[in-house]
Amino acid sequence: MVCGVKTLGQFIIEKQADFPYAKGELSRLLRDIGIAAKIVNREVNKAGLVDILGDVGTTNIQGEEQKKLDVYANEQFIAALTSGGECCIVATEEEDEIIHIESPVSQNAKYIVCIDPLDGSSNIDVNVAVGTIFSIYRRKSVEGLASLQDVLQKGTEQVAAGYVIYGSSTMLVYTTGKGVNGFTLDPSIGEFCLSHPQMKIPETGYIYSVNEGNYVHFPDGVKKYIKYCQVEDVSTKRPYTSRYIGSMVGDIHRNLIKGGIYIYPTTSRSPNGKLRLLYECNPMAFIIEQAGGKASTGFDRILDINPAELHQRVPVFIGSKNMVEKAEEMMLIYTEKPLSVEEKVESKLEDLGVVGGID
Ligand code: AHM
Ligand code: MG
């Protein structure tokens with residue numbers, strides 16, 4: 001390629017050398033995701049021109065209306081991962097159960113992909129940025145069909161994660177645990193080109209992103225943090241700026257570049273938060289940590305959570321390190337820490353008189 005442009009494909013192959021034991025499967029998997037992203041991008045861009053906007057009339061497992069483009073994006077990513085042969089299971093926001101890819105090659109493949117094919121889809125009809133979020137794990141089981149247990153891994157086990165933002169330009173940002181790199185789609189050559197090498201999130205930011213319409217339902221720690229952001233204090237450049245797109249990928253992408261915090265806490269109406277651990281919070285947490293930031297439930301590191309179920313939801317505080325730490329400080333003082341799944345089981349057993357609970 002001329003003029004010093006580095007394409008995503010070239011970059012991925014170059015980086016394979018960082019993993020001397022790698023046989024190229026992960027590289028091919030990332031390439032397949034990049035190709036599907038370009039196909040989805042083409043449809044997102046012409047969404048207003050054809051009859052593809054609006055609801056498809058079905059609901060997914062969370063009871064949300066599916067948009068036509070959600071369904072389209074889901075199909076495209078599954079098709080790309082199926083034909084690639086590097087992935088044995090796909091777990092997607094749009095399907096109730098995990099999808100086993102059944103060809104003989106895929107059944108024995110060593111990777112698992114968790115994906116939100118089109119996040120922020122309520123924004124599609126109004127031309128606001130939407131995104132794809134993905135997370136890649138190595139399967140744990142060594143023989144037979146991989147299972148849900150292979151999918152329910154901690155975020156620390158991710159081998160790669162990334163997002164695509166279909167915005168004023170389209171970008172793919174990913175990490176394999178060695179920093180974060182961003183690629184912008186050049187529509188004239190149809191290639192993602194390295195535009196943001198080694199991305200770093202500013203340690204201190206001045207933007208907070210939270211749906212303040214839910215304020216009355218927030219835990220006290222979040223209310224106190226929001227008030228902290230709004231108080232005038234010249235030495236810490238407060239009040240901070242409030243920016244909330246309502247598209248996680250867009251809000252976090254902006255904060256990654258400019259510095260800031262994105263919060264989707266528990267609310268009295270959504271006691272576990274809204275966003276899903278496996279294909280929304282874990283991949284974003286991996287990226288933000290790799291860029292030098294922090295991702296927390298308000299009390300604990302997101303990446304350390306042991307998933308109990310496929311579509312598990314978690315509260316999330318993610319972004320610039322100093323901002324997340326300040327929010328955690330408020331949570332610790334003003335909000336009682338909820339019990340973990342293990343602690344709930346333990347206390348239930350104690351209530352039933354099973355002394356000592358379980359080991
Ligand atoms: P989705 O996966 O159904 O699109 O929901 C996820 C989206 C995030 O992108 C966004 O940050 C959040 O939901 C917005 O929720 P709310 O409208 O409650 O603020
Ligand atoms: Mg989503």
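How many residues surround ligand 1, and which are the closest? In this predicted model, 17 residues surround ligand 1, and the closest are Asp 119, Tyr 244, Met 248, Tyr 262 and Tyr 264. A residue is near a molecule if one of its heavy atoms lies within 4 Å of it.

Local features in this predicted model need pLDDT of at least 70, side-chain atom pairs count only at pLDDT 80 or more, and totals for chains, interfaces and linings use all residues. Residues are numbered from 1 along each chain as its sequence is written, chains are lettered from A and ligands numbered from 1 in the order in which they are written, and side-chain values use heavy atoms, with hydrogens and water left out.

**Ligand 1**

| Protein atom | Ligand atom | Distance |
|---|---|---|
| Glu 93, polar side-chain atom | oxygen of ligand 1 | 3.0 Å |
| Asp 119, polar side-chain atom | oxygen of ligand 1 | 2.5 Å |
| Gly 120, polar backbone atom | oxygen of ligand 1 | 2.7 Å |

On its own, ligand 1 has 470 Å² of accessible area, of which the protein covers 84%; areas come from the Shrake-Rupley method with a 1.4 Å probe. Strand 5 and strand 13 (261-264) are the elements that give two or more residues to the shell around ligand 1. Helices (H or I, at least four residues) and strands (E, at least two) are DSSP runs, numbered from the N terminus.

**Magnesium site**

Glu 93 (OE), Asp 116 (OD), Asp 119 (OD) and Glu 280 (OE) coordinate the magnesium ion (ligand 2) at 1.9 to 2.5 Å. Donors are N, O and S atoms within 2.8 Å of the metal (3.2 Å for Na, K and Ca); water is not among the atoms, so sites may look incomplete. Along the chain, the donors follow the spacing E-x22-D-x2-D-x160-E. Asp 119 in strand 5 (residues 111-119) and Glu 280 in helix 8 (residues 277-290) are 161 residues apart and link distant parts of the chain. Asp 119 and Glu 280 are both buried, meaning under 20% relative accessible area (1.4 Å probe, protein chains only).

**Nonpolar cores**

The largest nonpolar core has 39 residues, and Leu 118, Ile 136, Tyr 166 and Tyr 174 have the most contacts inside it. Such a core is a set of buried Ala, Val, Leu, Ile, Met, Phe, Trp, Tyr and Cys residues joined through side-chain atoms within 4.5 Å. Helix 2 (residues 25-45) gives the most to this core, with 8 residues. Apart from this core lies another, of 32 residues, among them Val 249, Tyr 264, Ala 291 and Ala 295.

Asn 41 is also in helix 2 and counts as buried because its relative accessibility is 7%. Beyond its neighbours within four places in sequence, Asn 41 is in contact (heavy atoms within 4.5 Å) with Tyr 166, Thr 170 and Leu 185.

Terms used:
Buried < 20%, exposed > 50% of the residue type's maximum accessible area, 1.4 Å probe, protein only. Polar contact = N/O pair within 3.5 Å; in protein donor to acceptor, adjacent residues only side chain to side chain.
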